[in-house]
Amino acid sequence: MNNISQRDAFWDRVYELAKRDKDIVIITADMGAPSLDKIRKELASQFINVGIAEQNAITIASGLALTGKKVFAYAIAPFITLRCLEQIRVENAIMNIPITIVGVGAGFSYKEAGPTHHLLEDVGVLRTFPNIKVHTMSDSVMASVFAEMTCNSKNTDYVRIYRQTLPTIYKNSADFSKGFNVFKKHKDTYIISSGSMVQMALDMSKKFDIGVIDLFTLPISEELLHEIKACKKIVTIEENFLPCGMGSAVLEFLNDNKIDINLKRIGISLEKGYCYKYGGIDIIRKYYGIDVNSVDRQIKNFIK
Amino acid sequence: MRKINKLISEMEVKSRQLRKKILETCIKAGTGHVTSSLSCLDIMIALYHGRILNFDPKNPNWAGRDRFILSKGQASPAYYAILADLGYFSMKELDSFAQKNGKFGVHLQKDVPGVEITSGSLGHGLGVAAGIAMAAKMNMELYLTVVLIGDGECYEGSIWETAMFASHNRLNNLIVIIDRNYLCVTDFTENLITLEPLEDKWKSFGWDVLKIDGHSFEDIFNSLKEVRSQKSIRPRVVIADTVKGKGVKSMCYNPLWHGLAPTGREAEIAMKCLEEEENE
């Protein structure tokens, strides 16, 4: 799946599934994709465009799902999560109506579009709700598999898709059922990362000889315990605000399991706030201190 | 005609009976939205006791049932009284309404037999109902989806998102009934933010609009007759003029009673008002 975006991989798979299953319905809040055009044309009765109306996308999706439909609700990530957060809270968390929320634009992936389109809070917000799982896509192989996994899920899933095409890091046979993947084992130091930062973590692991875990699903599976309980240091790297993010979830997980491991979170500090920086993701990451050189320096200092 | 008149007089009796039950339930609990419940009780009696809706208390999840969505979840005491009266559960369950070990709280909850959704936060029920109606269209199923919303709920932007959606998608199997009691939480709607001309608003969104007296069973019947024939391609909205606190004079036309149950002397006065109305 080289050179294919997570978005296209995801919708290509949904298209294949929807051809065989008339109960699959795709709702878009006027967000496009080449595969969606195929669905719109060939599976018109299973495709709904609600217009730029994310609250309606979630309530319509939930009404359909109440009758047994398998519904995907799709828009730009900040809008299909935070604009309609209370709809998600009532329909999907409180009532536990299962739908799949698909948001494109995790982290800084709408780089030049500015802070309205950057999304740094969604993990922190949505992981506090019962009955909702948050999945951060690391590559297009994973996105394709999650299209099928979430379609048949009994809870609400939020699939965070990166807008840019990221390097393919998984084989087609990869198993994502545990919610994390250990790329490289290590006896005492791990980098735990997700989404757009996994490739950087893999690069760092070669340089520093440390283990790498891609933690893509929150809440964290208890199985992660076996992997990390014996280690001495953990670094988490994410493209989110630090409070309540993926690194915070790891901290809580360790604390709840009474494991005392020195942990350093790398991500976006609240002090830096939002930014209007243009010219590419590297420039934005540098501003926040999560670019390769900054991360390299922080890891070096932490593990020495 | 005689048959309908008989049904109407039976519903009038039921209305008086359940008004008393609602008031007693909320007084005992010391909470509950009494006035909001009393304004839409007759509408729900017509839907259920008047058999406008298809339903089966012995099989609440019957696939062919019409879906009734009470979007103004604060009127749960009225809805629960109706469901109990129809045998979805025992009337005795209402004695512990919003109390220790009680199964029901102030706002509507999905796990109560006969209830389709949890509501309490406004502006949700119509969207969910439109999704259900859309599914019925997709599956070519004949059930109706009827949703009861408050007039104050029409301030929520999400209502208008769905209003546009429903008419565009020709959801003529979807019926909205607006409990138009002209009162919101702190004030009359027209003092607060003008809702009128409400009929024109819905018409301009592509809906068939009817305006009725929400305490006239004849009006409610007439507004929903032939609704299954789906002669119109448009969804239907029935704006039902009601009185918030209907039947309890001491609690009517006063926004301060929103969300409250009367206590002490005021509870006695309220019960007395109800009895006087009965004797009129």
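Helices (H or I, at least four residues) and strands (E, at least two) are DSSP runs, numbered from the N terminus. Ala, Val, Leu, Ile, Met, Phe, Trp, Tyr, Cys and Pro count as nonpolar, Asp, Glu, Lys and Arg as charged, and the others, Gly among them, as polar.

This is a predicted model, in which local features need pLDDT of at least 70 and side-chain atom pairs count only at pLDDT 80 or more, while totals for chains, interfaces and linings use all residues. Residues are numbered from 1 along each chain as its sequence is written, and chains are lettered from A and ligands numbered from 1 in the order in which they are written.

Chain A itself comes in two pieces, domain 1 (6-161) and domain 2 (180-303), with bounds taken from an automatic or database domain assignment. Their C-alpha centres sit 26 Å apart. Domain 1 of chain A puts 22 residues into the contact and domain 2 of chain A puts in 25 residues. On the domain 1 side, helix 6 (122-126) and strand 5 (132-136) of chain A are the elements that give two or more residues, and strand 5 of chain A gives the most, with 4 residues. That side of domain 1 of chain A has 8 nonpolar, 8 polar and 6 charged residues.

Next come the sheets. In chain A, an open sheet of 7 strands has the order 2-1-3-4-6-5-10, with mixed pairing; two strands pair if DSSP finds at least two bridges between them. Strand 2 (47-49) and strand 10 (217-218) of chain A stand at the edges with a single partner strand each, so one side of each has no neighbour in the sheet. Strand 3 (residues 70-76) and strand 4 (residues 100-104) of chain A run parallel and share 5 bridges, with Ala75(A) opposite Gly103(A) in strand 4 of chain A. Helix 7 (residues 140-151) of chain A packs on this sheet, touching strand 1 (24-28), strand 3, strand 4, strand 5 and strand 6 (156-161) of chain A. The direction of helix 7 of chain A makes about 165 degrees with that of strand 6 of chain A. Axes are lines fitted to C-alpha atoms, for helices over the stretch in contact, and angles run from 0 to 180 degrees between N-to-C directions.

Chain B has an open sheet of 5 strands in the order 1-2-3-5-4, with parallel pairing. Its edge strands are strand 1 (67-70) and strand 4 (208-213) of chain B, each pairing on one side only, and neighbouring strands are turned by 20 degrees against each other on average, direction ignored. Helix 2 of chain B packs on the sheet and touches strand 1, strand 2 (145-150), strand 3 (174-180) and strand 5 of chain B; the helix direction makes about 150 degrees with that of strand 3 of chain B. Strand 4 and strand 5 (residues 236-241) of chain B pair over 6 bridges, and Asp208(B) stands opposite Arg236(B).

Strand 2 of chain B is mostly covered, with 6 of its 6 residues buried. A residue is buried if 20 or more other C-beta atoms lie within 10 Å of its own, exposed if 12 or fewer, and partly exposed in between, with C-beta atoms placed from the backbone. Thr145(B), Val147(B) and Ile149(B) point one way from this strand, and Val146(B), Leu148(B) and Gly150(B) the other way. Val147(B) stands opposite Ile69(B), and its bridge partner in strand 3 of chain B is Val176(B).

The largest nonpolar core has 176 residues, and those with the most contacts inside it are Ile27(A), Ala57(A), Ala73(A) and Ile80(A). Such a core is a set of buried Ala, Val, Leu, Ile, Met, Phe, Trp, Tyr and Cys residues joined through C-beta atoms within 7 Å. Its largest share, 10 residues, comes from helix 2 (residues 34-48) of chain B. Domain 1 and domain 2 of chain A both give residues to this core, so it lies between them.

Definitions and conventions
Contact = placed C-beta atoms within 7 Å.
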